[in-house]
Amino acid sequence: MFQKRIEGGSEPWFFRFRELMPFLIRRILLVSSAYDAFILEEDVPLTERLFAEYSGGRSEYSELTMLMSPTISRSDTPAHALDVLKARHFDLVITAPRLGDMDVNAFGRMVKEISPRTPVVVLTFDENDLHFLPSGIDFNVIDEVFLWNGNAKIIFAMAKQIEDRRNVVHDTQVGDVRVILLVENSIRDYTNILATLYSEILLQSQSVIADVSNALKIRLRTRSRPKVLLAKNYEEALQNIERYAANLQGVITDIRFPRNGSEKEQAGIELVQWCRKVIPDIPILLDSNDPIVPEVVRDLKIRYVNKASKDLLGQVRGFLKKELGFGSFIFRLPDETQVGKAKSIAEMEGVLKKMPLESIEYHGRRNDFSAWLNARSMFALAAKIKPYRNFDDIEVVRRYLIDVIHEARAQEEEGCVIDITRSHTIIEPRLVRLGAGSTGGKGRGIAFVYSLLTTKDAFKTIEGIEIQIPKTLVIGADEFDHFCESNSIASRLASCSTDKDVLQIFLDSHFPRNFVRDLRMASESLKGPIGVRSSGLLEDSHFLPFAGIYSTYLLPNSDSNAENRFRELQKAIKAVYASTFQKKARDYLASTPYRVENEKMAIVIQELVGQQYQDRFYPLISGVAISHNFYPVGSQKPEEGVAILALGLGKTVVEGRKAVRFSPGAPGVQLPFSSARELYRNSQTTFFALDLSKKRTDFLSGEDSTLKICELEQAEQDGTLGEVGSVYCPSDDVIRENLQVTGPRVVTFNNILKWKSMPLATALTEILQTMRHAFGCDVEIEFAVEYRQDGEGRIPCLYVLQIRPLSGRHIFQQKVDPASYPRERLLCSTDWSLGNGVINDLYDLVYVEPELFNSWNSMRIATEVEKITDELRSEKRPFLLIGPGRWGTNDPNLGIPVQWGQIAGVKVIVETGLKNRTVEPSDGTHFYQNILSMGVGYLYVSGMKRYSDLAALLDFAWLKQQSVHAKSTHVCHVRFSNPLACYLEGARGNAVILKPDPL
């Protein structure tokens, strides 16, 4: 009976699919640090994440795919992983490219010795990591390499790709399943495209489930999905096409890839030409960085997309839907006019009865019906329909299609029990998640901290202070997609010329009704002022922090009308969404390998830490702490970290304004100011607070519309200055802690750091050490401190607001000794620097003369710098940037307030001292995070020195003698015939910049 029904072409599909996918990845061993694992797991266990992905994102079918969803085990070290592999079997090993003392190829070789058939996949967070491997990747022991880009779907695609390679021969023979061939040799491109392919396959499976009414059939249907094969050269692609010609559903190919051992520019064209001879009607998508003439596209009967297109992945999806039959069947007339739509087999049967004959003929001749059925795993039915696409009588074709589809549906419904399930939402009181999808960088970071706070005993041993997170609501990134799609955001943005236009479009849009209902319920537990923060997929990641690029809105949440407060919250979420498409984000992304479409925005909503004082709301302390101190002074040690503190809201710190810098390991040691007067001049004189008198937020005026700048006198009236302040006594040039003394007030935090009124330094030390170990790298945290009242009195509480890995700093063995270079060759030398290695392609230098700088013209200088660097970016010329004070500060007294997008493309930055003034380095700011993550060399040159035997040097006299390529009022651009060379020693912070070799 089984064989007879197959030959008849109308057999139930599930008869053959029971034996499909004999190799399934059920157990994965992840070799990584705790934080690497947490990134992949997001804020729910990775097994659950994969569980949801395996069910096509449909929670109501998750329990049906339990047997197919893998479980994850993790090892911190390769040695431990090898011991685990000896004791237990794993279907897949995922490892980072850097494994401490062990080479990744050696690790792969040892895994194969223990378990020869266990695939080993390298997951890198940065393609540059692969370049540092002495002998590259040995593909005899490493099965594949993928690039993590912040999208959890990469893990799913990785597992599916390994499964497909193992199962494709068996499944095409037994189940006649389809094959999609991807020909691509770029790690970044095939990672992104595979993630898109498998994502669309999952969506296809989800839509197909509408035709299935039985739990067993749903499970088997997922096994019959198309297999995706990756080929990286011409010979491998040719072999796959020849072998699977009868099952090939479509081909996606680059143009330039290896043939006969070397890269060939026209390899893709030649492959398409050969493929057309073997399978004339196979759908093909050609993707390339090179433009293709329309005649080639027409003659080869292919679709083409330029890799540089902002909608590359969208066009790949379009190819899958239109050419391979994914998604709903769209009935069209020959002129492409849409006349009907069928989401399921049941709908197809009904819609066919009403469609115009010319539409049926159009799709029949294009083989669209067969392609759509193949995509729904109805292979026998597709094969039965395919030969009859050229009927002379189209009405006969219509009747035939309706009859065979009806017969197939009747057979599938025989003896079936229909499953009806429903999902439920569970809300956790301190950390709540709303919606599906990734929680983004900030979201995963705060969730990771929360998981450690609830499981680690270390923090409970700190007496005199509590450590926790504020009450937090995270909105998943899928809601961002739903919002953009339902409001047609992409098409509406095309007419926008300013950031305000972009913002207005978002503010005028509407959330889906179900989302509004869920948000109302989830936000009811958030009392008092709240912060609505961005949490992009790429944000706060190992490779790009996007620090300060997206918007954050602080809401007073003080209106007595609850509905008004809820409307303000919705507007704030929309405004954060809008920042994804505004100029600052676009400029930042332009300096990275990513496109705007790669970013998806989750949202973090937190109760603000602080107390109300009349119409002001602010915390006692806001700060940033970093686990590695790149600029230690005195007895400070690099490994003991550094913290920057300010009174009031954290805007003071992250924008690089005046604040207190100290090391938690040596809290009494601060920057060596030459006098109390100098310390006073460099101390905080104002603070930020939330203005509770504002019931409405003017979103078009920017993020600061709800903030107010307050004088220290107001903090003294509030009673907060006594905790953190001191008094400067000009008569004897000393700082005293007694506010009863007459004199200017100074924010020093001496009561806390020197006299230990609370164990803040101890708590920060414990947090930084724990988080550094858990992340497997140095970290940065943002925090706030406030007292809470209980029956025993006031208890200080340290709230961790967010955490990010400190990315971009790789230490290698390269010694830099400025004394070894001739004095006349040195343009610059310092022992305060960031970066490691050699940068020797700098032909352009942009500088601001220190004597021309003052606080009145700093904004103008920033604009002049942007104009010159815009031209350099357009010419793709990296450059060296030199200027007085802090680059990227928002305080015009401390330096030049450029935003990162204004200088994107810079390779080395030099910060010089200000006249008669000491300005601390830029660490702790959002701008500083971007310096680290982008691998930009950074040199700090001023009168302050870490070591007395190495004076800071900058030869401005020589620089002023050079011919000027371009000049504005305050900014000069010099172009050299020979390059400057910058040598950076990350281990000790030594750096030199050498003048160009003479012609």
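Student: Let's start with helix H6: which strands and which helix do the buried residues of H6 pack against?
Tutor: Keep in mind that this is a predicted model. The buried residues of H6, which spans residues 104-114, are Val104, Asn105, Phe107, Gly108, Val111 and Lys112. What they pack against is strand S1 (27-31), strand S3 (92-95), strand S4 (98-99), strand S5 (102-103), strand S6 (120-124) and helix H5 (78-87).

Student: Around the axis of H6, how wide an arc do those buried residues cover?
Tutor: Val104, Asn105, Phe107, Gly108, Val111 and Lys112 are the buried ones in H6. They sit on the same side of H6, because the arc they cover around the axis is only 160 degrees.

Student: And which residue caps the N-terminal end of H6?
Tutor: Look for a side-chain oxygen that lies 2.8 Å from the backbone nitrogen of Asn105. Asn105 is also one of the buried residues of H6. The residue that owns that oxygen, and so caps the N-terminal end of H6, is Asp103.

Student: Moving on to Ser359: is it buried or exposed?
Tutor: Ser359 is found in helix H16, residues 357-365. Leaving aside neighbours within four places in sequence, Ser359 is in contact with Phe331, Arg332, Leu333 and Val339. Its relative accessible area is 0%, and anything under 20% counts as buried, so Ser359 is buried.

Student: Which backbone oxygen does the side chain of Ser359 reach?
Tutor: Among the contacts of Ser359 is Arg332. The side chain of Ser359 comes to 2.9 Å from a backbone oxygen there, and the oxygen belongs to Arg332.

Student: Now helices H15 and H17: are they roughly parallel or antiparallel?
Tutor: The axes of H15 (residues 345-352) and H17 (residues 368-375) come within 12 Å and cross at roughly 160 degrees. Angles over 145 degrees count as roughly antiparallel, so H15 is, relative to H17, roughly antiparallel.

Student: Is the crossing of H15 and H17 left-handed or right-handed?
Tutor: From H15, the contact uses Ile345, Met348 and Leu352, and from H17 it uses Phe369, Trp372 and Leu373. As for its handedness, the crossing of H15 and H17 is left-handed.

Student: Is Met21 buried or exposed?
Tutor: The relative accessibility of Met21 is 3%. The cut-off for buried is under 20%, so Met21 counts as buried.

Student: Where is Asn557, the non-glycine residue with a positive phi of about 55 degrees?
Tutor: Asn557 is partly exposed, with a relative accessible area of 22%. For its place, go to strand S21 (552-555) and helix H25 (562-579): Asn557 is in the loop between S21 and H25.

Student: How far apart in space are Gly722 and Gln740?
Tutor: Gly722 lies in helix H30, residues 721-724, and is partly exposed at 37% relative accessible area. Gly722 and Gln740 are 18 residues apart in sequence. Going from C-alpha to C-alpha, the distance in space is 9.8 Å.

Student: To finish, what share of the residues of the protein chain counts as buried?
Tutor: The protein chain has 36 helices and 47 strands. Out of its 999 residues, the share that counts as buried is 59%.

Terms used. Residues are numbered from 1 along each chain as its sequence is written. This is a predicted model: local features need pLDDT of at least 70, side-chain atom pairs count only at pLDDT 80 or more; totals for chains, interfaces and linings use all residues. Side-chain values use heavy atoms; hydrogens and water are left out. Buried means under 20% relative accessible area, exposed over 50%, partly exposed in between (1.4 Å probe, protein chains only). Helices (H or I, at least four residues) and strands (E, at least two) are DSSP runs, numbered from the N terminus. The arc is that of the directions from the helix axis to the C-beta atoms. Contact means heavy atoms within 4.5 Å. A polar contact is a pair of N or O atoms within 3.5 Å; within protein, one must be able to donate a hydrogen and the other to accept it, and residues adjacent in sequence count only if both atoms are side-chain atoms. Axes are lines fitted to C-alpha atoms, for helices over the stretch in contact, and angles run from 0 to 180 degrees between N-to-C directions. Angles under 35 degrees count as roughly parallel, over 145 as roughly antiparallel, 65 to 115 as roughly perpendicular and the rest as oblique. A crossing is left-handed if the near helix is turned anticlockwise from the far one by less than a right angle, and right-handed if clockwise.
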